[in-house]
Amino acid sequence: MRFLYLVLTALTLGILAGHFLEPNFGNAYEVMLYVLIFLIGVDLGLNFESGEIKKLGREALTLPMKTLAGSLFGGLAASLVLGINPKWGLAIGAGCGWYSLTGPLIAQYSAVYGAVGFLGNLFREIFTILLYPIASKRTDPKKAVSMGGATTMDTTLPIIRKFGGREVALVAFVHGFILTALVPFVVPLMLSL
Amino acid sequence: MNIFIPLIAGIVAGYVMRKAGRRFKIDLPVSASLLAMVFFLGVKTGEVHVSGLWLFGSSLLFAIFTIAGSLLLAGVGR
């Protein structure tokens with residue numbers, strides 16, 4: 001729990017610094033992400049047993065489909081609450097947390113909904129970082145992976161590894177990998193409705 | 001950069017260390033770099049100047065509803 005407070009503090013300090021100081025850190029975010037992914041790879045290389053792949057089972061393949069369907073459903077519900085065209089809600093939901101792709105794709109059709117697509121999916125990533133540690137304790141840590149959507153193969157993988165363990169990290173990677181392959185097709189499909 | 005490059009490099013490095021019989025505790029470096037990454041994510045978020053309350057509120061609503069939808073269909077709580 002103490003680490004979660006540190007995460008919250010780091011996030012708050014970052015937001016304040018970004019908002020008021022606008023420091024130019026270049027691609028420091030990406031560099032740290034690659035360092036983390038490398039360290040996760042080292043952990044896998046040190047401890048991975050091939051039998052673990054078999055243990056992942058069918059759920060590792062069906063979970064991404066449930067995540068995508070639930071995300072589309074959530075996007076549709078949000079659009080109905082806000083009274084906007086369901087097409088935008090479905091497209092934003094189809095992003096599954098991949099804000100850097102969803103925002104620009106939707107912005108080709110509408111700048112406002114592009115901004116909502118960007119921010120909404122960015123918030124999803126931030127909420128996953130903040131809430132996965134709690135969700136993994138109170139529910140099945142494998143099923144809780146679905147909250148991260150497509151981000152579970154990269155940006156939210158370290159927090160999932162830390163709080164869910166190595167076996168859940170494997171599920172998360174497969175989950176994120178499948179969704180990352182699907183999202184670039186599903187978002188334009190929803191926009192074409 | 002493709003995400004697979006550092007991942008595969010790490011797996012190879014870890015495998016080589018295992019074969020060489022060397023252990024490496026990754027918890028501390030993972031925690032430190034995770035905090036740094038979250039800080040830089042915050043900086044990126046803070047740099048986005050939201051032009052209206054509606055934009056902010058609707059983005060929050062989408063984030064909450066899409067997470068809830070995914071968790072619901074994944075069967076969390078069942």
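**Packing around a helix**

Student: What covers the buried residues of α6(A)?
Tutor: The cover includes α2, α5 (86-94), α7 and α9 of chain A, together with α2 (27-47) of chain B. Buried means under 20% relative accessible area, exposed over 50% and partly exposed in between, with a 1.4 Å probe and protein chains only. Contact means heavy atoms within 4.5 Å. Helices (H or I, at least four residues) and strands (E, at least two) are DSSP runs, numbered from the N terminus.

Student: What should I know about the model itself?
Tutor: This is a predicted model, in which local features need pLDDT of at least 70 and side-chain atom pairs count only at pLDDT 80 or more, while totals for chains, interfaces and linings use all residues. Residues are numbered from 1 along each chain as its sequence is written, chains are lettered from A and ligands numbered from 1 in the order in which they are written, and side-chain values use heavy atoms, with hydrogens and water left out.

Student: Back to α6(A): which of its residues are buried?
Tutor: They are A:Tyr99, A:Thr102, A:Gly103, A:Leu105 and A:Ile106.

Student: And what does A:Gly114 touch?
Tutor: Not counting residues up to four places away in sequence, A:Gly114 touches A:Gly103, A:Ile106 and A:Ala107. A:Gly114 lies in helix α7 (residues 111-138) of chain A. Its C-alpha atom and that of A:Pro104, 10 residues apart along the chain, are separated by 6.2 Å.

Student: Is A:Gly114 buried or exposed?
Tutor: A:Gly114 is buried, because its relative accessible area is 4%.

Student: Which residues have the most contacts inside the largest nonpolar core?
Tutor: A:Ile106, A:Tyr132 and A:Ile159 do, in a core of 76 residues. Helix α9 (residues 166-191) of chain A gives the largest share, 12 residues. The core lies between domain 1 (1-47) and domain 2 (50-78) of chain B, because both give residues to it. A nonpolar core is a set of buried Ala, Val, Leu, Ile, Met, Phe, Trp, Tyr and Cys residues joined through side-chain atoms within 4.5 Å, and the domain bounds come from an automatic or database domain assignment.

Student: What is A:Tyr132 in contact with?
Tutor: Leaving aside neighbours within four places in sequence, its contacts include A:Phe127, A:Pro141, A:Ile159, A:Phe163 and A:Val168.

Student: And chain B on its own: how many helices and strands are there?
Tutor: Chain B has 3 helices and 0 strands, and buried residues make up 38% of its 78 residues.

Student: How accessible are A:Glu22 and A:Cys96?
Tutor: A:Glu22 counts as partly exposed because its relative accessibility is 46%, whereas A:Cys96, at 0%, counts as buried.
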